[in-house]
Structure formats: structure tokens, C-alpha cells
Amino acid sequence: MRRLAILLTAALLLGGCSTTTTFDGDGPKSDVGIQLFQWNWDSIASECTEVLGPAGIAWVLTSPPQEHIVGSPWWTAYQPVSYKVESRLGTREQFESMVKTCHEAGVAIIVDAVINHMTGQDSDGFGWAGTPFGHYEYPGLYTEKDFHHCGLSESDDITDYSSAGNVQNCELVNLADLATETDHVQEQLAKYLNDLRSIGVDGFRIDAAKHMPASDVAEIVERIDGDPYIVQEVIRSDGEPIQPEDYLESGDVFEFGLAYQLVAWMKTGQLANIANVDGYGFAPSEQSRTFVDNHDTERNRQTLSYRDGAKYQLATMLLLASGYGSPVLYSGYAFTINNNSLPVDAEGAVTDVACANFADFADAYADGEWVCQHRWPGTLGMVGWRSAVGSAEVTDEWSEGDAYAFGRGSLGYVAFNASDVPLEHRFETSLPAGEYCNVVAAGCSVVEVGADGSFSVVVPAWGAVAIHVDSRP
Ligand code: LAG
Ligand code: CA
């Protein structure tokens, strides 16, 4: 128990740092999180035990666990009907058991907290767990007076992102907008979040944070028991009055700007820019959660996604190698159109995840198939690489054309090739001589570092070679 407490505290408190920490007797532990989008509780539990814990992944971000509207699209989860922990993803008992199993595997649980709004349904109905509701009536929780009616547009919908009042007091796509500044709403939200804390939940993603004043978020977070990890979703968009930086008092933020830059760098081959992100106006490294994609951006196509195959894998490896921020991996299911549903049983509950039977990205996926991109060798290999190099400084940087390589002192070296042609090169490193495994290839393909620290290798087209001192044949 004590060991778990230390492990989780350290993983979460230091989680915002770009450094990694080694825990006594527990092997390397990274600062890397992962969003398991729409994975049910039983499947997350087994993934913690089988893959995430052994890989040293610090935490899982789950989809929203509260009761939601009934329907087939994934986004029903973002329309809360009550704060019962009862959803398509599993029962309260299954949720509790997942938290326990993941903790035993050394993996913390971060929950997607939908606290800006309730449903967007114009007619009355019943939620997944049978709770009756109306658009502005949620028995025992909220009545009409607990919602904003901004009066700034005909439908009360958000119409103007250049106005903070419009963005924060109007309705996001017709979703009943909670009066998050009031004592009553804050108290109901705190009850929900503290219920999750009592189950052992370690932290929260604050959904739609941009749509609540930073001071409301701070007051709500203040009411949460203990010292939960907080990461906020404030989509960066230049020129808007509300920026991620406004929210740093309450916790970390997702850095959308870097996800957008990764798209550009994969086009231009300018991977070396990642070493020098100072000029981009990103959030401070120690409070920045970096990512290649999330469930929204893989759908609106603003970022790379599993569909981009090798380029997606390359961007993920680059992010994991970087000392800027702390990465959050993403894993979801294949789809053609936004509303494509996911595998459910006869009652509509999401069925257990069966990963597509592909060891790597070089295949096409059918709609509804679980991609499990986090299991690709390049991703898991670079999580290990990141743990091995820790906070060591960048050394032995080299770039030429669309290739970029660097070391992290005497602990590791990585070379990226963002072109259609394989690259043969002799890399100079600060590594001790000897044999190393290329950790981003399946199995251990051996790389020989000479007495002078150099090694010669062919870096595959749109691929990488990565070696570190903890993985040697
Ligand atoms: C988020 N972050 O701020 C989530 O990451 C994002 O996935 C959520 O939108 C959004 N905020 C609200 O929590 C998703 C879908 C929307 C969907 C919404 C509510 O991207 O498309 O809206 O969840 O379920 C849907 C329909 C709308 C409709 C609305 C209300 O697409 O047309 O107006 O439901 O019924
Ligand atoms: Ca709001």
C-alpha cells in the first residue's frame, strides 16, 4: 500500500515534469499517460496488468464514467444525465475493480470529467441507468435556475469565439450550460468528483475547460479532496481571448499547438524543430501535456492519426523522445465517419476490446476495429527509451535533409528519417561501446556501437532507430 502511494504520488506530482523517475523495486516508471478512448472498464483493467504497467506507463485517461444519454454514437458519453458511475463502459463495481487492478499494476486512473454541461436533448428522456431528465431538469441535482441562458444568440448557442462571455455562458452545441460560478453547482460537481476520489481515482481531465472561466475551474478543483492530478482541455486558437495559460493555476493543460506543428513537420521534414520549441508560444514544459491526437482531433482531422500509418508512428516516437512536456498516447477504434459507433452488445453496452490482429501500422482497419496503436513496437519501445534516458541533456545532435538524430548523453540515441528513402549513416554518440537492441523494431535487431561511440545503421523510410543502455542483447 505504501509503495503504491509513493509510486502514484511521485508519478502524479512529477507527472508534469519532462523528467522520468525510477521507483525502487518497481522498474522504470515514465511520465507518459494514455487515453484509452471508449475502452470499457474490464478491458482497461486487463490492459493495465498486461501492457501498461509492464511498459511503465504512468496513467490511463478513461472516457467519462457518469450516466449519460442513451444512443449509439460515442459522444453520448459527453451528455451527463446524472453522476451515477454507471455507463455503457461498465457498472460502478466494474469501475472500482478497474481502479484497484490498475493501481496494483502501478498505473494511476485519470477520469474525463464532464462538468461544463449536462445534456443537449430538447425532449425529456431517461439516461443509461434509468434516471429521468429534461434539458434543464435533473432530479436531485439541478433545476432550471442552475443553468446559463446567455441571451446572446437566438438559440443561446455559442456563436462567437472572440467573446469570452459568449464562449463561457452560451451553450456548446445545445448542451445545457451549468452555472459553474454558483455554490450549488460547484457543490454538486464536487460531490461527484469526490465520489470518484473515494473509489481511488487519481486525477481528472477537465472537459471543455475553455467554456468555464478559469476562476470557476479553480474553485471547483479547490473543492476536490486531497491533491488530484488535473489536466485541462483548453483548445489553443490564436487570437482568441481565452488561452490555455489562463488555467495553469488549476493544473496542467493539453498543448494543442504542438499537435498541430507535428502535422507541419511531417510535411516539411523539419523534425529538428522539436528541439527548439521556445519560439512557438507553447505552455511551459512542466505543465504541458503533449499528444499527437485525441478523440476529437482524429475525427476533425486537425492532427495526424492512426490513418497516417508510418507518419503517425514517427510523430509519436519523436514526441516520446522530446524533453518538452509530458506525452499522452492515444488509443481508439477505427472509423470512417464521425458518428461511426463502436462494438456493443444487444443492450448497447460496449463490449471488451479485442485488439486488431496487427503487430504494426502497415495495415488497413475496418470500422469499429480496435486499433491498439499504443502497442505498436515503435511506441512501446520509445516509452522504454524515455524512461531510460530520464532527464539527461540532449547531445550529439545531427540533422541533414529530412533526417534528425540526437543522443541523451551516455544513456540513449535515436535517429529519425522523415523521407521516402531509407537512410544509411554513421552516427556519432556518447554511448559506451557494445551491442544494443533497436528498441523500436519488433524483437531485438542488434546495433553495434564502436569504441569511438559511433554506429552505422540504415534508418528505414518514415522510420527510426533507437538504442539505450537498458536494452542490450
Ligand atoms: C469536449 N471537449 O471540450 C469533448 O472532447 C468533445 O468530444 C465533446 O463533443 C465536447 N467537448 C462536449 O463535451 C462531443 C461531440 C459532439 C457532441 C457532444 C455532445 O464532438 O459532436 O454533440 O460530444 O454529445 C452532439 C451532436 C450535436 C448536438 C449535441 C447535443 O453532434 O449536433 O447538438 O450532441 O445533442
Ligand atoms: Ca459554460
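**Entry 1: the largest pocket**

I began with the lining of the largest pocket, to which α8 gives the most, with three residues. The structure I am reading is a predicted model. I noted that α7 (256-268) and α8 (297-300) each supply at least two residues of this lining.

I next looked up the volume of the largest pocket, which is about 760 Å³. Its lining consists of 28 residues, and L172, V173, E233, I235 and D296 are those nearest the centre. By class, I recorded eleven nonpolar, ten polar and seven charged residues in the lining.

**Entry 2: a residue of helix α7**

I returned to V173, one of the residues nearest the centre of the largest pocket. I located V173 in the loop between α4 and α5 (183-199). Its phi is positive, about 35 degrees, although V173 is not a glycine. I noted the background for this: most residues other than glycine have a negative phi.

N174 lies in the loop between α4 and α5 as well. I found a positive phi here too, of about 70 degrees, and N174 is not a glycine either.

**Entry 3: the calcium ion (ligand 2)**

I then asked which protein atoms are the donors of the calcium ion (ligand 2). I listed N116 (OD1), Q168 (O), D177 (OD), D177 (OD) and H211 (O), at 2.4 to 2.6 Å from the ion. Along the chain, the donors follow the spacing N-x51-Q-x8-D-x33-H.

I placed N116 in the loop between β5 (108-113) and β6 (125-126), and Q168 in helix α4 (residues 164-169); the pair therefore ties together parts that are 52 residues apart in sequence. I checked burial for this pair, and both N116 and Q168 are buried.

**Entry 4: the barrel**

I traced a closed barrel of eight strands in the order β3-β4-β5-β8-β9-β10-β11-β12, and its pairing is parallel. From one strand to the next, the twist averages 30 degrees.

Strand β3 (residues 33-36) and strand β4 (residues 59-62) run parallel and are joined by three bridges. The bridge partner of I34 is V60, in β4.

**Entry 5: the open sheet**

In which order do the four strands of the open sheet lie? I read the order as β13-β14-β15-β20, with antiparallel pairing. The edge strands are β13 and β20 (463-468), each of which pairs on one side only. On average, neighbouring strands of this sheet are turned by 5 degrees against each other, direction ignored.

I followed the sheet from β13. Strand β13 (residues 395-400) runs antiparallel to strand β14 (residues 403-408), and four bridges join them. E400 stands opposite A403 in β14. The hairpin of β13 and β14 has two residues between the strands, and in this hairpin G401 takes a positive phi near 60 degrees.

On going from β14 to strand β15 (residues 412-417), I found six bridges and an antiparallel run. Here A405 has A415, in β15, as its bridge partner.

How many of its five residues are buried? Four are, so β17 is largely enclosed by the rest of the structure.

β17 pairs with strand β18 (residues 445-449) in the antiparallel sense, over five bridges. I noted E435 opposite E448 in β18. Six residues lie between the strands of this hairpin, in which G443 takes a positive phi near 75 degrees.

Key: Residues numbered from 1 in each chain as written. Chains lettered and ligands numbered in written order. Predicted model: local features only at pLDDT ≥ 70, side-chain atom pairs only at ≥ 80, totals over all residues. Heavy atoms only, no water. Pairing = 2+ DSSP bridges. Axes fitted to C-alpha atoms, helices over the stretch in contact; angles between N-to-C directions. 1 Å grid on protein atoms, 1.4 Å probe; cavity = no way out; pocket = protein on both sides within 12 Å on 5 of 7 lines; lining within 4 Å. Points joined across faces, edges and corners; volume = space filled by probe spheres on them. Nonpolar A, V, L, I, M, F, W, Y, C, P; charged D, E, K, R; others polar. Donors = N, O, S within 2.8 Å, 3.2 Å for Na, K, Ca; no water. Buried < 20%, exposed > 50% of the residue type's maximum accessible area, 1.4 Å probe, protein only.
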